[in-house]
Amino acid sequence: MKSIGVLMTCPMHKYLEQQLETHFNLFKLWHCNSSITEFLKTHQGNTIRAVVGDTNIGVDAELIASFPNLEIVASYSVGLDKIDLRKCEEKGIRVANTPDVLTDDVADLAIGLILGVLRRICASDVYVRIGKWKDADFGLATKFSGKSVGIVGLGRIGTAIAKRAEAFGCSISYFSRSQKPFANYKFYSNIIDLATSCQILIVACALTEETRHIIDREVIDALGPKGILINIGRGAHVDETELVSALLEGRLGGAGLDVYENEPEVPEELLGLGNVVLQPHVGSDTVETSDAMADLVISNLKAHFSNKPLLTPVI
């Protein structure tokens, strides 16, 4: 398989890059300033038979059209919003992603963000480091155990979050396109009703045109001045302008965010708020999970080029 041309769209996990170089003829798009035009000036488009993308740079219609021999897109992510699935289907291009292996890490971070916001972990850490504890006690935080938790999207990650929240004695409810027959949690067919009924709202659904800005002013106001919003899905799930104004005006109690609308840009207003915990999109970024995701990308590529079924097919 060493002769098979594989294009990597941007820097990802170093282990993934090493494995791709070991097993395939690897091309790195960022060496051409992430420009397809520049890449094609240096390399022939027909040399590429596979593309590996992620949540930063996926595979759009322009890239697909540039490579006439493209057979498979293997995404180093579970999310598919950066891949033109319709164009892939039209062209008969296979698509695979990396579900399951990152579920636990993302669910763990969601709980960490909740604790971070409610127990003010980041703020109290700073309080100790700058010596203020010597002068006065830090003050009171808010309890997590026993809170009502609403989850937007009860897929693999949403279900894993629910199980963890149950261990804290939380009541669980959820909103999704349809009621899940396997779940014993309360189902809401209307997201406003879910937000009204819970104290902590967690966004864990896939990003689609239907879920873009699913968390808007109406949902935020339904969650209310004591409510907490946690987003470990995609930045575009939340109307960021409305979120910022709600936090500044006290219409929302706090937020824990791992994702943003225009990453890596973060609204400046959020940086000075003590009731907000910010993470740089690291939900699945552990050594163990990153290695497992990389192995799954390689396994899908090997399976495809050996005429075997994909391990985690999307198309």
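Let me start with one term: a residue is called exposed when its relative accessible area is over 50%, and buried when that value is under 20%. Anything in between is partly exposed. Take E90. Its relative accessible area is 57%, so E90 is exposed. Keep those cut-offs in mind. Also keep in mind that this is a predicted model.

Let's stay with E90 for a moment. E90 pairs with K87 in a salt bridge, and their closest N and O atoms are 3.5 Å apart. Why do these two sit about one helical turn from each other? They are three residues apart in helix α4, so about one turn separates them. K87 has a relative accessibility of 27%, so K87 counts as partly exposed. There is also a network here: salt bridges with shared partners join R217, D221, E242, E249 and R251.

How many salt bridges does the rule count in this model? The count comes to 16. The general idea is simple: side chains of opposite charge can pair when their charged atoms come close.

Here is another of them. K28 forms a salt bridge with E17, with 2.7 Å between the closest N and O atoms. K28 belongs to strand β2, residues 25-28, while E17 is in helix α1. The two are 11 residues apart, and the pair links distant parts of the chain. Buried or exposed? Both K28 and E17 are buried.

Now step back to the domains. The protein is divided in two. Domain 1 takes residues 5-97 plus 287-306. Domain 2 takes residues 102-278. How far apart are the C-alpha centres of domain 1 and domain 2? They lie 32 Å apart.

Next, the interface. Six residues of domain 1 are in contact with four residues of domain 2. The size of an interface is often given as the accessible area lost when the parts come together. Between domain 1 and domain 2, the buried area is about 530 Å². Carbon and sulfur atoms give 57% of that area. Which residues of domain 1 lose the most area to domain 2? They are V78, D81 and T289. Together they make up 72% of what that side buries.

What about polar pairs? Two residue pairs are in polar contact between domain 1 and domain 2. The rule finds one salt bridge across the interface.

Look at D81 and R234. Their side chains meet in a salt bridge, at 3.2 Å from N to O. R234 lies in the loop between β10 and α10, and D81 lies in the loop between β4 and α4, so the pair ties together parts that are 153 residues apart in sequence. R234 has 15% relative accessibility, so R234 counts as buried. D81 has 30%, so D81 counts as partly exposed.

Last topic: the backbone. Most residues other than glycine have a negative phi, and most peptide bonds are trans. Let me show you some exceptions. Just after α12, N307 takes a positive phi of about 60 degrees. D100 is not a glycine, yet D100 has a positive phi of about 70 degrees. D100 lies in the loop between β5 and α5. At 47% relative accessibility, D100 counts as partly exposed. H281 is not a glycine either, and its phi is positive at about 50 degrees. H281 is in the loop between β12 and α12. At 22%, H281 counts as partly exposed.

And which peptide bond is cis, with omega near 5 degrees? The one from E263 to P264. P264 is in the loop between β11 and α11.

One more loop to find on your screen. G155 sits between β6 and α7. At 38% relative accessibility, G155 counts as partly exposed.

Key: Residues numbered from 1 in each chain as written. Predicted model: local features only at pLDDT ≥ 70, side-chain atom pairs only at ≥ 80, totals over all residues. Heavy atoms only, no water. Helix = DSSP H or I, 4+ residues; strand = E, 2+ residues; numbered from the N terminus. Domains from an automatic or database assignment. Contact = heavy atoms within 4.5 Å. Buried area = accessible area lost by both parts, 1.4 Å probe. Salt bridge = Lys/Arg side-chain N within 4 Å of Asp/Glu carboxyl O. Polar contact = N/O pair within 3.5 Å; in protein donor to acceptor, adjacent residues only side chain to side chain. Buried < 20%, exposed > 50% of the residue type's maximum accessible area, 1.4 Å probe, protein only.
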